[in-house]
Amino acid sequence: MKSSIAKRVLVAAAAGLISFSAVAQEKAASLDDLLKMVQQSKVAESKEHKQREAEFRRQKANQQSLLKKAKDTRTAEEKRSAELEKKYQEQEVAVDQKRQQLDERLGSLKELFGHMSSTAADLRSNIGSSLVSAQYPNRTEFIDGLLAKMNSATKLPTIEEIERLWFEVQRETLESGKVVKFNATVIKPNGEQAQQEVVRVGNFNLVSNGKYLEMNDAYQLAELIRQPDASFQKMAEGLQASTAGFSAFGVDPTGPTGGSYLKAMINSPDIVERWHQGDIVGYIITAVGVFAMLLAIFRLIVLTGVSAKVNAQLRSSTPNTNNPLGRVLAVAEENKGVDGETLELKMEEAVLKERPAIESGLNLLKIIAMVAPLLGLLGTVTGMIVTFQAITIFGAGDPKAMAGGISSALITTVLGLCVAIPTVLMHTIVNARAKRVLHILEEQSAGIVAENAERK
Amino acid sequence: MHALIDAWAAVNAFMASGGPVLFLIAGLTFFMWTLIFERVFYFNKALKSDVQGAVDQWEERSERKSWASHQIRYAMISRVSEKIQDNMDMIQACVALAPLFGLLGTVWGMINVFDVLAITGGGDAKQMASGVSMATIPTMAGMVAALSGVFANTYLARKAERETQLLEDHLTMDH
């Protein structure tokens with residue numbers, strides 16, 4: 001037990017030594033070998049140390065002279081620094097004097113420059129968002145240059161520059177009250193660029209070929225991805241075509257502050273996107289609606305045909321079995337001899353047989369007309385549930401997300417009503433056709449038989 | 001003339017603030033009242049000759065007591081009542097549809113309100129107001145259309161019933 005512990009300690013020590021000494025690179029065959037190797041390396045190391053010590057002693061004298069040289073350099077530099085300090089102080093006094101001189105000479109001009117720099121800064125921010133910049137894009141460089149000059153203490157603006165600033169302020173004011181045409185490069189929604197005529201309405205809107213444009217920070221014009229109503233586009237076209245007089249035009253009142261109305265329009269979804277917002281319930285309602293319309297049109301065609309045949313039957317005296325009235329009359333024809341009561345019963349039976357074929361589909365239409373708004377309501381409620389679940393998870397901090405969810409939930413109600421309204425109308429029309437034929441069969445067939453009999 | 005232009009402008013402003021559904025309601029109301037007036041004119045004019053024709057035809061008959069003549073009388077009444085009932089279903093459907101259109105407008109307006117909310121975050125009550133008027137005006141218009149139709153429809157239904165009854169009374173079987 002003891003020996004095994006000793007062995008382990010020895011192995012651990014040996015491992016430590018192996019990793020440090022370069023001599024013990026090769027593996028020892030036994031623990032004794034290892035011990036020998038450690039001893040050898042120790043001898044080699046002490047030899048190296050002695051060598052290094054000798055080297056240091058030799059260098060010592062040399063160091064002394066180096067130190068002296070460095071001290072000399074320090075004294076020289078200190079002297080030079082004191083001289084420079086003195087010179088700096090002298091020059092500072094001179095600068096102060098010169099500055100005072102400048103102030104005295106500027107006098108009232110100083111106030112003027114203050115006003116000028118604030119005017120230039122105002123104009124810079126105005127021009128940044130002004131649509132006039134689309135027409136004159138290089139105004140900003142001049143103003144930036146002027147502003148830089150004003151902010152520096154050493155430069156003064158020239159008379160030409162002052163006059164140019166005045167000119168630019170006046171031009172901005174005048175141009176923002178004008179409706180003008182000019183040529184510019186317009187980026188289309190598909191990325192193409194085209195040189196075309198652009199109409200600028202003051203500082204409010206840019207239109208080209210009936211499309212509203214927006215201006216980005218680099219004064220490039222791009223067509224809005226989503227345009228306003230066709231009526232507004234037509235007005236824009238009319239404005240571009242007109243040469244004099246008045247022309248109606250839809251203006252974005254937020255134009256001078258960046259056109260947030262037009263930008264918001266890009267975010268609001270169009271009809272197709274809205275339809276997709278309805279999701280599964282929306283698709284179901286649409287499918288039901290399409291089915292109802294097809295069914296209604298099919299029944300309308302069938303009943304119109306039946307109605308025409310019944311009308312033809314009313315005019316002829318011989319029963320034709322291609323229409324319900326004819327078949328009922330044929331029953332009467334077959335039972336000529338029987339008494340009135342029996343004939344009536346037989347005819348009633350025949351009418352009962354005709355009824356389902358005439359009325360088929362009508363109930364389904366009625367059910368769809370009733371169910372469609374309910375389906376819409378279902379979609380709205382499920383949409384609301386999803387929205388409120390999102391609120392329980394993310395909190396109600398963002399009214400935007402909530403409002404978007406609710407507006408897309410409501411779309412199914414719209415879809416439901418859009419299906420129900422035409423279905424009700426179609427049901428009424430189809431029902432009127434069916435009712436007419438049924439009335440003739442139920443209330444008039446016996447009379448027709450009697451009339452025919454009297455006529456003969 | 002000036003008053004007319006003012007009135008026209010007021011109507012235009014009303015239509016614009018009510019949204020596109022208002023045009024549908026206007027169309028529906030126009031259609032409904034066309035049918036109602038058609039019925040009123042029919043009851044006051046053409047119906048009389050229809051009834052007279054039926055009565056004359058009935059009076060011409062030599063006998064009015066047999067099974068056959070009863071059936072013929074029944075058929076005659078049915079033919080006239082069919083004419084009387086013409087379009088009545090359509091008027092009723094229009095009355096039922098008007099509030100539905102109003103509801104459609106309401107929901108559409110609400111969607112607009114929520115859209116504005118989604119874009120502006122509820123900070124701009126002025127912009128939401130256009131959606132609110134788009135929601136409420138069609139509802140009101142739909143209700144007004146339906147109410148106006150309900151009265152007319154009730155009157156016409158009564159009238160139709162009475163006329164049918166009268167016709168039955170005219171076609172006597174006693175002599």
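A salt bridge here is a side-chain nitrogen of Lys or Arg within 4 Å of a carboxyl oxygen of Asp or Glu. Keep that rule handy for the exercises below. This is a predicted model, where local features need pLDDT of at least 70 and side-chain atom pairs count only at pLDDT 80 or more, while totals for chains, interfaces and linings use all residues. Residues are numbered from 1 along each chain as its sequence is written, chains are lettered from A and ligands numbered from 1 in the order in which they are written, and side-chain values use heavy atoms, with hydrogens and water left out.

**Exercise 1. Work out how A:Glu168 and A:Arg164 are paired, and how buried each one is.**

Step 1: check the distance. The two side chains meet in a salt bridge, at 3.0 Å from N to O.

Step 2: Helices (H or I, at least four residues) and strands (E, at least two) are DSSP runs, numbered from the N terminus.

Step 3: look at accessibility. Buried means under 20% relative accessible area, exposed over 50%, and partly exposed in between (1.4 Å probe, protein chains only). A:Glu168 has 0% and counts as buried, whereas A:Arg164 has 32% and is partly exposed.

Step 4: widen the view. A:Arg164, A:Glu168 and A:Arg171 are linked in a network of salt bridges.

**Exercise 2. Find which parts of chain A the pairs A:Arg200–A:Glu175 and A:Arg124–A:Asp144 tie together.**

Step 1: start with A:Arg200, which forms a salt bridge with A:Glu175, their closest N and O atoms being 2.4 Å apart. A:Arg200 lies in strand S2 (residues 193-201) and A:Glu175 in helix H5, so this pair ties together parts 25 residues apart in sequence. Both residues are buried.

Step 2: now take A:Arg124 and A:Asp144, whose side chains meet at 2.7 Å, N to O. A:Arg124 belongs to helix H3 (residues 109-129) and A:Asp144 to helix H4 (residues 139-151), so the parts tied together are 20 residues apart in sequence. A:Arg124 is partly exposed at 26%, and A:Asp144 is partly exposed at 35%.

**Exercise 3. Describe the interface of chain A and chain B.**

Step 1: count the residues. With contact meaning heavy atoms within 4.5 Å, 40 residues of chain A are in contact with 30 residues of chain B.

Step 2: get the area. Buried area is the accessible area (1.4 Å probe) that two parts lose on being put together, summed over both. The two chains bury about 3,300 Å² between them, 71% of it on carbon and sulfur atoms.

Step 3: look for charge pairs. The rule finds four salt bridges across this interface. One of them joins A:Lys435 and B:Asp89, with the closest N and O atoms 3.1 Å apart.

Step 4: see who supplies the chain A side. Helices H7 (260-267), H8 (271-277), H11 (340-359) and H13 (399-455) each supply at least two residues. H13(A) gives the most, with 29 residues.
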